[in-house]
Structures are given as C-alpha cells and as structure tokens.
Amino acid sequence: MSGFEINFDGLVGPTHHYAGLSFGNVASTKNRNNTSNPRLAAKQGLMKMKALADLGLKQGVFAPQERPHVPTLRRLGFTGSDIDVIAQAMRTAPALLSSLSSASSMWTANSCTVSPSADSADGRVHFTAANLNNKFHRSIEHHTTTRILQAMFNNDVYFAHHEALPEAALFGDEGAANHNRLGGGYDRAGIQVFVYGQQQLGGKVAPQKFPARQTREASEAVARLHRLDEKRTAFIQQNPDVIDKGVFHNDVIAVSNQQVLFHHQQAFLNQADALNEIRQKMAGIEQEFISIEVPENRVSVEDAVSTYLFNSQILTRTDGGMSIVVPEESRQNQAVWSYLNDMIQMGTPIDDIKVFDLRESMRNGGGPACLRLRVAVNDAELAAVNPNLFMNDDLFKTLNQWVDQHYRDELSQDDLADPNLLIESRTALDELTKILALGSVYHFQR
C-alpha cells in the first residue's frame, strides 16, 4: 500500500448538550433536552482515537470551536459585556442561545471536503470548508473551520484552502459527509464520488419530508475548486425516500475505503446506474470496484438509521486487511449484528469488526464516521502536517488531563447561561491551542 490516510477526529467541545437542533436527524431530535455529560463525550472520543492510533493508523485531533458564539449573538442585537450578552439571550431567546452553544463542530465529517493531490490538477491537497447553511447552528462554523484547517495544514506548497461556497440554498454544502473517494493507494489517482440530495436547477426528484442538505450545484462547485478531472469524478443522487426516513447525509447510508463501497440497497437514486458509472470510472484507473450492498430484507433503513451501521469507518490496517468500526448500538441490534458477522465471512476485504461506545455523541446524532475527517496524503505531505495533532501516548494523557480539568460531567439547557461556563470554555480552548500548536484561531484570542 502506498500513501497514508489520516483520520482527524473532532474533539467534543465543553458545551456539548442535547438541544435537538437538527431537523431530519432522528437521533438528535429524539434526545432533545436530556442532560449531557461533556466530559464523558470527550473521553469516549479520545479512547477511539487512541485505539486506532495503537493499531498503527495515522490518527489526528481536530479542535472544537468557541461556544457560546458571542460574536453571532452581538450580530443579532444583544449588547453589553460578553456575560451580559449571554444573560440577555437566555432571558429573551433561550433557544437561540442553545443553538449558538452547540458543540456540533465535533462532526468533522461536515467540516470540509478534501481532495488528495493525486486527484487535483495542481498536485496539491485541496480543502473547502462546508457552509452548512441548512442549519443555523452549523452555518456559523465555516469561518473558524477555515482558520483551524490552515493551522493544521500550513504549507502552500502542499495544501490549498478555499473559503466556503456562497451561503444560499442553491449551494448547500455539507462537506465530506456527502463525499466518497474510491481507488487503490492513498497517494494514487482515485475516483471522487459526490452524493447530493437535490439538484436545485432543473432537478425533478427531491425528498418531501426532510430537507436535502447537499445540492448537486454545490458538489460541482467544489469539484471545480479542487481542479478535478471529470473522467474521475461522479455525481450521484441520494435516494430521496431514505432522506425522508432520517438519512440526512450520505454517510448514514454508505461509506467507502479504497476500492470498497459499503452501502444499503436503497442508498442511491437509480442505484444500478450509479454503481455502474462508478465501476466504469474505476476501470479507467485500473482498479477493481467492490460493492457491498446490504439488502433491505437483512437490515431495514430504519435499523440502519437507529444503529448508524453505515456511519462506520472502514480502515485499512497495516497488514493490508480492512476493519469496520461501528458504534455499540450496532452490536445491540440483532439484525445489524447478524449481518455484520455474516459480512466478514463473505471474502470481501473487510474481515474484522471493532465496536466502540460513543453513546454521548450518538445521542446527539452522529457516530464514528461523523466524528472524523479523512485526509489522504503522500510522504512529503504527511511530513508537512502540523505534528502536534497526531495521537500518541503523551497526547492522549495530556488531553485526558485537559478534559478532566476543564469539562463538566453534567450540562443542561439552563446551564448555558452560567457565566462560569463561558470562562471555563475559553480557558480550555486557549490552553488547547497551545497543546496542539494552532496559534490564535478563536475570536476571543484576538
């Protein structure tokens, strides 16, 4: 195997709480107003990062964002000191304060779309921050996301950074959660598969109950920015019927790694044609395409959504085999667990199952794949990445101590107005930027 895939997992922020903000995300809305445990959420994420690093995989940390986001509250008319602004918001618009306190940046699969240098005409790794304009609490993320990405990948020779697309429905962009890459070695040319929920201009099919967050127009714009070859790029539409069943992103119904696409029988519109297009384009780079299609009669869409079976990670181990990383909820569902165990006996590259307890993040609407951003690099690019981000024994110990010092073990909606929470969060993030050598990426540091 050539090249490397780095998984950057989002570190859960200190204001992690259950606000049920994401209409169309069944798990998110189901747990609205429950009491959260930010400390446990962060530690569960760190445990997964450390376990994958211990397997010899390249595992990095993606920093959370500043919350509550006082600058946005000021844009909306709240005045006075930062503490006054938060108090006013809680008194007159508590739901708004909750939105602007969301720790949703933990879902780094939505942070941006990444195209490796092997696929880009200028030979650089390209990053485009996602505008996430379908949800207010997420639409404010991309400015800080861009700054954090620039601090992580701070070398113009190897990395190109793009601002988010225009913040309009026409260009709704949800990042890597609707993007797959298929191929062989991570530093070799691959096929980039953009999955969209709706075509705004001239499209004829769209979901009726829940919104289609990713547009074809956005996907095409990202492909242009990243200077991709159209012969190695595919745009396929997600099945609108499964969006209406709670499949708000493609990574809730499909996941890829190298030549493997693991997906549900109902994942895509006109699925046979979509898979055939991918197969033909894979042949153009002399790579076999392996489609693992899960039948509806084995795992229903509803079970896939409730267990986040497809919001899993497929990882190539150092021995060349592949492991699938699933949340504990997948093991607790008889149909899903039965299928997974049958699958690893099918002779596909996936021959191992790893289960992680991520219930704190699962209850907020995201599983293993939501928490991570994949970046494929070659040797020179790997050496140019900020080295302080990579998980190892020392960083694991340091970040656990950091969490213990700064995070609460209970957080409710009412706690968001506590002035100490703002101070605790900013103190924590200021220290984190030093641990990860990110520089001043947050508003309050300026």
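Are helices α4 and α17 parallel, perpendicular or oblique to each other, and which of these words applies? The model to be opened is predicted, with local features requiring pLDDT of at least 70 and side-chain atom pairs counting only at pLDDT 80 or more, whereas totals for chains, interfaces and linings use all residues. Residues are numbered from 1 along each chain as its sequence is written, and side-chain values use heavy atoms, with hydrogens and water left out.

**First stop: α4 and α17**

Select helix α4 (residues 82-92) together with α17. Helices here are DSSP runs of H or I with at least four residues, strands are runs of E with at least two, and both are numbered from the N terminus. Two packed helices are described by the angle between their axes and the distance between the axes. For α4 and α17 the axes come within 9 Å and cross at roughly 130 degrees. Axes are lines fitted to C-alpha atoms, for helices over the stretch in contact, and angles run from 0 to 180 degrees between N-to-C directions. The two helices are therefore oblique to each other. Angles under 35 degrees count as roughly parallel, over 145 as roughly antiparallel, 65 to 115 as roughly perpendicular and the rest as oblique.

The crossing of α4 with α17 is right-handed, a term used if the near helix is turned clockwise from the far one by less than a right angle. To display the contact (heavy atoms within 4.5 Å), select D82, I83 and I86 in α4 and P419, L422 and R426 in α17. By class, this contact of α4 with α17 holds four nonpolar, no polar and two charged residues. Ala, Val, Leu, Ile, Met, Phe, Trp, Tyr, Cys and Pro count as nonpolar, Asp, Glu, Lys and Arg as charged, and the others, Gly among them, as polar.

**Second stop: α16 against α17**

On the α16 side, select L395, T398, L399, W402, Q405 and H406; their partners in α17 are E424, T427, A428, L429, E431, L432 and I435. The residues of this contact of α16 with α17 comprise seven nonpolar, four polar and two charged.

Next, move to E410, in the loop between α16 and α17. E410 is exposed, at 53% relative accessibility; exposed means over 50% relative accessible area, buried under 20% and partly exposed in between, with a 1.4 Å probe and protein chains only. Neighbours within four places in sequence aside, E410 is in contact with T35, S36, P38 and D415.

Beyond the end of α17, select A437 in the segment that follows this helix. A437 has a positive phi of about 55 degrees although it is not a glycine, and is partly exposed at 39% relative accessible area.

Select F8, F127, F153, Y158, F159 and F390, which form one aromatic cluster. Rings of Phe, Tyr and Trp (its six-membered ring) pair if their centres lie within 6.5 Å; planes under 30 degrees apart count as stacked, over 60 as edge-to-face and the rest as tilted. A search of the whole structure finds 10 aromatic pairs. One of them joins F8 and F153 edge-to-face, at 5.5 Å centre to centre and 80 degrees between the planes. F8 lies in strand β1 (residues 4-10) and F153 in the loop between α7 (142-152) and β5 (159-162), so this pair ties together parts 145 residues apart in sequence. F8 is buried at 0% relative accessible area, and F153 is buried at 1%.

The rings of F127 and F159 have their centres 6.2 Å apart and their planes at 65 degrees, so this pair is edge-to-face. F127 lies in strand β4 (residues 125-129) and F159 in strand β5, so the pair ties together parts 32 residues apart in sequence.

Select P68, in the loop between β2 (58-62) and α3 (70-75). A cis peptide bond, with omega about 0 degrees, joins R67 to P68.

Continue to E286, in the loop between α10 (271-284) and β11 (290-294). E286 is not a glycine, yet has a positive phi of about 55 degrees.

Finish at P349, in the loop between α13 (334-343) and β14 (350-356). Leaving aside neighbours within four places in sequence, the contacts of P349 are Q259, V260, I290, G321 and M322.
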